[in-house]
Structures are given as C-alpha cells and as structure tokens.
Amino acid sequence: MTPPVPLMDARLVAELRQSIQDCTERGLSVASKWSSELYYAIPSNKRDTLISEAFTTFSTSTPACSRSPRPSLSFADPSPASSAALCMPVTPGNQSHLPSHFPAVRAQETELEIQDEAALFAARAFMTAKEFTRVEFTVKNCKSAKAQFIYVYSCFLAAERKAQRDWYRQNNTRGQPPIPINRLLATLLDMVKNATDPWLLFLKAVFLSRLNRREEAIESIIRSISGYHWNWSVWTLLCSCVGDGDELTALLPLLPLPATHPLILMFQIRTMNELHSPSENELAMCDRLLGDDCFRDSAWVMSLRACALYHLHDFGQAEKQFEKILAIAPHRIDDIDVYSNILYVTDNRLKLSRLAHEFLELDKDRPEVCCLVGNHYSLRAEHEKAVKYFRRATELDRTYLSAWTLMGHEYVEMKNSHAAIEAYRRAVDVSRKDYRAWYGLGQAYELLSMHRYALYYYQHATALRPYDVRLWQAQGACYEEIGRLKEAVECLKRALLGADPRETTIHMKLAKLHEELDDQSEAAAYHRRVVEICRIEERPVQDYAKSSIFVARHHMVIAGGDLLLAKDYLERVANSNAEEVGQASDWLKKLKSVLITRPAIPITEETSGH
C-alpha cells in the first residue's frame, strides 16, 4: 500500500516557487510551466500561509536528508564524483544548487551573476525569441554558472535546429536518416564533462542520453537531482531512460528523496504511464497527490490519473476525469490527444466531433490538436483526411509518437501495408518502449502474409506488455500460420492468463489446435469449458452446440467416458433451434445403443482428469 504523502510544508512550497524563477531564467520553459501549474494548484490559503512561513523561517539552509543508505547504481559503476553529489544538500533561494557548507562559493556565484546581470537579461530575451546564436554570442565570455548553462544550452538548441532543418531537407529521399543527427553532441559533452553544477549535470545527461550512453546519463541525472530537486526536465529525462518496471524498481532507492516525496510519486506515475503499465498503486498515488494537503486542483496531476485509467482500459472513469480537467482548465491542450483516443475507442462520435471543432479553433498548430482531429476523421472512416492530420502532427513534432502510430493504423485500414510499415518504423525510432508500434508492424507484415516477420514484431510487443491478451493471440495466430501448432497453443495459454474468465473465443481456438495435434482429451477439456461458461452465462445453445457435440462424442468413444454427461449435452442441442440439431439427434441414437452395451457411470471432472 502506498504510504501517505507528507503534508505540504513551507520548505517544499518555497522550493517549488523558486523553481519557477530558476527554470525561467535558464530558458527551460517546459519545466517552468510545470512548476507554475503545480504552484497555482496549491489551495491559495495554504499556499499564502506556507510562503509567509517560509520567508520567516528559512533564513538559513539545512542539508536535505536521504531516506536510506543507497546501494551502488545498478546501471553503472559508481564514481567518487557521483557519491559526493548524492550527499549534496539543497537550500532555498536563488543559489539552491550550491552546497550550503561552501558560503564563499555561494557568495562568489552571487557576485558573478551581478557582474553578468546585463548579459543575462539580454540572453533571456533572446532565448524567449528563439534567437539561440545571439544568446551564445551574448554570454560566451560570462563567468557565472548560470551564464555557462545558458551558453551550452543555447549551443545545443541551435545545433538541434540545424539538425532538424537538414533532416527535413532530405525528407522522402533515400539518404534521409531515421532521426535527425546532431553532429555537435560530442563537442557539447566535452564542454560539461567535469561539471558539478546540477544544471550543467542535467545538460551532460541530455547529451549522454542522445549518444546512447544510458548508464552514464542516469548517473548524471541522479547527481543533478541531488543538487537541485525541482527541475522537472531532468525527471522527464530520467523517465525516458527507464526501460521497464523492473528497472524503475531498482532505480527508486537510489533517488535522494523520501519515497513519499511528491516528486518521487509523480516520477513513478509518469514513468509507469510511459511504459503503458500503471496499476492501482499508481492510481492511489494520484489520489494522494490530489488530496487537500497537496495539489488538490492540479490539472496536471488529474491528467496523470486520467492517463493511468486509460492505460488500465477503464475508459469510463478516464473520460470522467478528462471532463473534470476541462471543467477547471477548458483551454488545456496537453493530453487532449489521449482524451480523443478514449472517445474513439468508446465510439463517442458526437463528443469527439465537438471537441475537434473547439480545439481546432483554439490552436490548429499543436500536434495534440492535429491528433484529435485525425481521430475524429478516422472514426468517420475518412482515412485519407485522418492521415493528413496525423502527418501534420509529425511535421509539428517529429518525436510525437502517437501520431506516427495512429498514422500506421490508418494505412492498415487503407490496406497500404508499405506505408503503414514506414509509419510504425518511425514510431519505433522515436521510442522502442511503445508496444503499439511493434504490434502495428506485426499487423502490417501479416497483411503481406510475411508471418515470420510479423512474429518477430509481435514478440517485441509481448515482451513490453506481457499480459495483453491481443498480443498473445496475434503471436499464436502467426505460429499457427507457419505450422508451429505447439507454440501457438503456448501463446494462447498465456493469453488466457489476462483474459476475461467468461471469454470463450480463446478456449475454442485452443480446442481446435488440440484437435489438429490429435490430442482429443485436451480438445474435449477446452470444449467442455466453453459449454460450462455459456451455460453459466445463459447464452443461447447456438453458441456452444458444436462444443457440446464434441464433448459428448468424445465421452462416447473413450473407455470409461461419462455417458450421462454426453446424453445431457446432446439432448440440450437436439431440443434447441441450433443448426446442429440433426447431428445431435444422430449421436443420441448412437448413444442409446452404447448405453445398452455399457452402463452409464457418472464421472466427475476430478475423476476424469480434466
């Protein structure tokens, strides 16, 4: 059970408030927006009281305490530098990233920032205008740590822009690489290789991650978080570095915050959502974060909860949560694409149409809105228009995973397998953790009757989502197509683990496969299960007539078969209006002759071995 979140205290609110300014001054607009939203969501009376208390109480700094001794990082060999960073205290105020036991260093940084003040003001304005090369020129000779961060960050953003332009210039040509290539990454990494400032450590982690040096990136991230907790961009980067739930479990004890800290809970929920595998535990965390003592009115936390419900396939509750979000933040575009997915799955055409028109008026150049409109056209079976909007979303944001995946789905509907494969491959290039793209590739190759290729992609999908019934069914179908029936049986047995106990389709398929494998006893056992489920559910006899006849026939031909059971099954079919009435009547006649020669001894399920 999730331990209760501690009450919002003055230090936490002060740090969150300060992070708005810290992130804004460094051009981290996403992190600044996140901090602002959370700060605004704290009940105003509580927020004002705690901030007033913070100003009167925290005139001196206190080292932040870790919740437990931390084992060595399982992803990388620990270094003395990282061990030192994990112990770095956090202090409120403008220099919260500087060690509290180095007042001289803190004073020196303050002095340097005063000297750089004019350049920092100009750089901030140029950063807002996205004039990154002007930012570089303005702060390149500045000495403060803040200016150094802005300089390296602006160099990175300028290089990213150039890489994007070069990549789009090669669009639809053979020479276009799968993703844009930033050729300056190694040089940028060299600039920050010896960094100790938490903001520069964040940039170091970004560069290491982009260079596929994941273990080193995670180490830098933890050091950055140890020095400064409230940079949400570093938490988002850490989320992207986590490959699965087991890695997350191994990582959590290494983080320099208590298990009940709001940042840890938000990170855990966000990561499990990204992995498409949240549980009731993550929902409980959301509810605690939305309590009166935390971020009661936070649309961002509500959206985390709505996405968790969506991944848990509780579409009704997810829709209600999104309606609540739009009631308090009617113009919030973030995650509106997830809401549109829910309306699409529940076939709510009217609401999806209204939402598409409203948000298209609001901002037609947001990728989430393009995705919303694409879903609207897809539900109306206007697949070409849907593709147009999904493609527009990818043009606005090349890393927008959902748009690539949904575009692939549309091409599958249009029977354009080659275009579908290309779209799904782009989705995999963006993230190899999204099972939907792997599953889509499998479907596309199945359309081309390339079942061995399809099998490869389905296996990737099931590895990412091991309890998804559809994925195991798809993998089983591929094995069946290539004649590997035993493997098909194993896949369908795995599918049963996550299936509704009342479902019969998988049982019927297993029965058929066992018939083909000439394992009549197992086939009869699955057919009998179908009959039992249908009778409990009071379904019409037509739904289980074939299974009834198979079970009855099996008991008639095997030694020691349950003839009374066979008689009951056959009579039910013979007295119905199912197509198999004649067949059941013929077998009843044969049963009578068998009953004359062999006494009918009832056999329970236990004694029959099934």
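User: Which residues lie nearest the centre of the second largest pocket?

Analyst: Keep in mind that this model is predicted. Tyr 310, Val 345, His 409, Arg 436 and Arg 470 lie nearest the centre. They belong to a lining of 24 residues. The volume of this pocket is about 690 Å³.

User: Which elements give two or more residues to the lining of that second largest pocket?

Analyst: They are H16, H18 (336-345), H20, H22 (401-413) and H24 (435-447), each a helix. H22 gives the most, with 7 residues.

User: What makes H20 largely enclosed?

Analyst: Buried means under 20% relative accessible area. In H20, 13 of the 13 residues are buried, so the rest of the structure largely encloses this helix.

User: How do you know what span to expect for H20, residues 367-379?

Analyst: The expected span is 1.5 Å times one less than the number of residues. For the 13 residues of H20, 18 Å is expected. The helix reaches 18 Å from its first C-alpha to its last, so it is close to expectation. After H20 comes Ala 381, with a positive phi near 65°.

User: Why is Ser 35 called buried?

Analyst: Its relative accessibility is 0%. The cut-off is under 20%, so Ser 35 counts as buried. Ser 35 sits in helix H2, residues 29-41. Beyond residues up to four places away in sequence, Ser 35 touches Leu 16, Ser 19, Ile 20 and Trp 230.

User: Which members of the largest nonpolar core touch the most other members?

Analyst: Phe 149, Phe 207, Trp 235, Phe 267 and Phe 295 do, out of 166 residues. Helix H16 (residues 299-311) supplies the largest share of this core, 10 residues. Apart from it lies another core of 23 residues, including Val 530 and Tyr 569.

User: What does Phe 149 contact, leaving aside neighbours within four places in sequence?

Analyst: Phe 149 is in contact with Arg 26, Leu 28, Trp 199, Leu 200, Phe 202 and Leu 203.

Note on methods. Residues numbered from 1 in each chain as written. Predicted model: local features only at pLDDT ≥ 70, side-chain atom pairs only at ≥ 80, totals over all residues. Heavy atoms only, no water. Helix = DSSP H or I, 4+ residues; strand = E, 2+ residues; numbered from the N terminus. Buried < 20%, exposed > 50% of the residue type's maximum accessible area, 1.4 Å probe, protein only. Contact = heavy atoms within 4.5 Å. Core = buried A, V, L, I, M, F, W, Y, C linked by side-chain atoms within 4.5 Å. 1 Å grid on protein atoms, 1.4 Å probe; cavity = no way out; pocket = protein on both sides within 12 Å on 5 of 7 lines; lining within 4 Å. Points joined across faces, edges and corners; volume = space filled by probe spheres on them.
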